[in-house]
Amino acid sequence: MTRTGGLHSDHRPKQQLPDARKHQIISFIKSGIRIAGYMFIPFNIDVAVTLLIVSEAVGILEEMV
């Protein structure tokens with residue numbers, strides 16, 4: 001019996017905890033790319049936009065570790 005009184009099993013796959021160290025490293029990389037993107041705004045808007053888009057893609061990767 002389960003804690004709620006039903007007959008179903010409580011065996012569920014354990015949730016895997018995120019790797020805090022990998023998350024931190026990727027976060028620093030993302031921040032560095034973002035800072036570089038903002039620094040390029042006055043000089044080359046195309047490079048700035050590209051870097052900011054890349055930083056968002058790295059942000060998605062960051063959430064997956």
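Tutor: Let us begin with S55, which is found in helix α2 (residues 45-64); helices are DSSP runs of H or I with at least four residues, and they are numbered from the N terminus. The model is a predicted one, in which local features need pLDDT of at least 70 and side-chain atom pairs count only at pLDDT 80 or more, while totals for chains, interfaces and linings use all residues. Residues are numbered from 1 along each chain as its sequence is written, and side-chain values use heavy atoms, with hydrogens and water left out.

Student: Is S55 buried or exposed?

Tutor: Buried means under 20% relative accessible area, exposed means over 50%, and partly exposed lies in between (1.4 Å probe, protein chains only). S55 counts as buried because its relative accessibility is 0%.

Student: Which residues is S55 in contact with, leaving aside its neighbours within four places in sequence?

Tutor: Contact means heavy atoms within 4.5 Å. With those neighbours left aside, S55 is in contact with K30, I33 and R34.

Student: How do the axes of helix α1 and α2 cross?

Tutor: Axes are lines fitted to C-alpha atoms, for helices over the stretch in contact, and angles run from 0 to 180 degrees between N-to-C directions. Here the axes of α1 (residues 20-40) and α2 come within 8 Å and cross at roughly 165 degrees. Angles over 145 degrees count as roughly antiparallel, and α1 and α2 are therefore roughly antiparallel to each other. The residues of their contact divide into 13 nonpolar, five polar and five charged; Ala, Val, Leu, Ile, Met, Phe, Trp, Tyr, Cys and Pro count as nonpolar, Asp, Glu, Lys and Arg as charged, and the others, Gly among them, as polar.

Student: How many salt bridges does a search of the whole structure find?

Tutor: A salt bridge is a side-chain nitrogen of Lys or Arg within 4 Å of a carboxyl oxygen of Asp or Glu. The search finds two. In one of them, the side chains of E62 and K30 meet at 2.8 Å, N to O. E62 lies in helix α2 and K30 in helix α1, so this pair ties together parts that are 32 residues apart in sequence. Both E62 and K30 are buried.

Key
Helix = DSSP H or I, 4+ residues; strand = E, 2+ residues; numbered from the N terminus. Parallel < 35°, antiparallel > 145°, perpendicular 65-115°, else oblique.
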